[in-house]
Amino acid sequence: MNIIVRKYMDEDLPFMIEIWNDIVIEGNAFPQMDVIDIKTAREIFPSQSFTGVAVEGDEIVGLYILHPNNIGRCGHIGNSSYGVKKGCRGKNIGEKLVVHSLAKAKELGFKIMQFNAVVKNNKAAICLYKKLGFSRLGTIPQGFLLKDGSYEDIILYYKNIK
């Protein structure tokens with residue numbers, strides 16, 4: 001498995017939309033509730049500090065967005081969201097995306113990466129963030145509305161990247 005992570009291109013958008021929308025529809029990781037279309041994708045992805053895709057051969061197998069977590073005096077803190085294509089999960093693609101995003105964040109001048117809403121039942125993400133040296137800040141009880149209408153805790157993580 002030879003996976004590279006690179007900046008997205010316009011022709012990647014249909015594949016990125018599929019990955020993004022699958023995660024939104026699953027309803028257990030991204031906070032968004034509405035799927036996106038090509039028009040929305042053309043607004044969202046270019047507006048990020050960086051949008052990357054993981055590519056295996058000719059196939060887009062993952063993506064991430066990187067942007068400031070806040071503005072002004074807190075603008076040095078980055079935030080990212082990651083998505084791996086259904087059927088490709090469990091192949092360390094997420095790790096490649098996170099590692100790439102940390103390097104890109106440092107390159108862009110971010111000093112810290114913070115994740116605001118890691119859903120407690122997302123064991124793969126939690127395990128990965130621990131492996132990569134993220135620190136757990138705390139838990140917000142029932143901070144995430146799952147697709148089934150129940151609530152799950154969210155965990156905040158951060159990592160110094162300077």
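Reader: At about what angle does helix 1 run to strand 3?

Author: The coordinates discussed here are those of a predicted model. Helix 1 comprises residues 13–26. This helix lies across strand 2 (50–56), strand 3 (59–68) and strand 4 (77–84).

Reader: Across which strands does helix 4 lie, and at about what angle does it run to strand 5?

Author: Helix 4 is formed by residues 123–131. The strands that helix 4 lies across are strand 4, strand 5 and strand 7, and its angle to strand 5 is about 155°.

Reader: What is the order of the strands in the open sheet, and which are the edge strands?

Author: The open sheet has seven strands with mixed pairing, in the order 1-2-3-4-5-7-6. An edge strand pairs on one side only, and this applies to strand 1 (3–7) and strand 6 (135–145). From one strand to the next the twist averages 25°. The order is thus given as 1-2-3-4-5-7-6, and the edge strands are strand 1 and strand 6.

Reader: How many bridges join strand 5 to strand 7, and how many join strand 6 to strand 7?

Author: Strand 5 (residues 112–119) runs antiparallel to strand 7, and Met113 has Lys159 of strand 7 as its bridge partner. Strand 6 also runs antiparallel to strand 7, with Arg136 opposite Tyr157 of strand 7. The bridges number six between strand 5 and strand 7, and seven between strand 6 and strand 7.

Reader: Which residue takes a positive phi in the hairpin of strand 6 and strand 7?

Author: This hairpin has five residues between the strands. A positive phi near 95° is found there, and the residue that takes it is Gly149.

Reader: What is the phi of Asn92, and what is that of Gln142?

Author: Most residues other than glycine have a negative phi. Asn92 lies in the loop between strand 4 and helix 3, whereas Gln142 is placed in strand 6. Neither residue is a glycine, and both have a positive phi. The value is near 65° for Asn92 and about 55° for Gln142.

Reader: Which residue forms a salt bridge with Glu26?

Author: Side chains of opposite charge can pair when their charged atoms come close. For Glu26 the N to O distance in the salt bridge is 3.0 Å, and the partner is Arg89. The pair links distant parts of the chain, 63 residues apart: Glu26 in helix 1 with, in the loop between strand 4 and helix 3, Arg89.

Reader: Which residues make the nonpolar surface patch of about 360 Å²?

Author: One contributor, Tyr151, is placed in strand 7 (residues 151–160). Together, the residues that make this patch are Met33, Leu145 and Tyr151.

Reader: Which residues does Lys106 touch, if those up to four places away in sequence are not counted?

Author: Lys106 belongs to helix 3 (residues 93–107). Its C-alpha is 20 Å from that of Leu156, a residue 50 places away in sequence. With residues up to four places away left out, Lys106 touches Ile161 and Lys162.

Reader: Which residues does the UniProt domain annotation cover, and how far apart are the end C-alpha atoms of that stretch?

Author: The unreviewed UniProt entry carries the annotation "domain: N-acetyltransferase", which covers residues 3–158. Over residues 3–158 the chain is 29% helix and 37% strand, and the end C-alpha atoms are separated by 26 Å.

Definitions and conventions: Residues are numbered from 1 along each chain as its sequence is written. This is a predicted model: local features need pLDDT of at least 70, side-chain atom pairs count only at pLDDT 80 or more; totals for chains, interfaces and linings use all residues. Side-chain values use heavy atoms; hydrogens and water are left out. Helices (H or I, at least four residues) and strands (E, at least two) are DSSP runs, numbered from the N terminus. Contact means heavy atoms within 4.5 Å. Patches are made of residues with over 30% relative accessible area and no salt bridge: like charges are joined within 9 Å, nonpolar side chains (Val, Leu, Ile, Met, Phe, Trp, Tyr) within 5 Å. Accessible areas come from the Shrake-Rupley method with a 1.4 Å probe; for residues, only the protein chains shown count as cover. A salt bridge is a side-chain nitrogen of Lys or Arg within 4 Å of a carboxyl oxygen of Asp or Glu. Two strands pair if DSSP finds at least two bridges between them. Axes are lines fitted to C-alpha atoms, for helices over the stretch in contact, and angles run from 0 to 180 degrees between N-to-C directions. UniProt positions are given in the numbering used here, feature names are shortened, and annotations may be inferred rather than shown by experiment.
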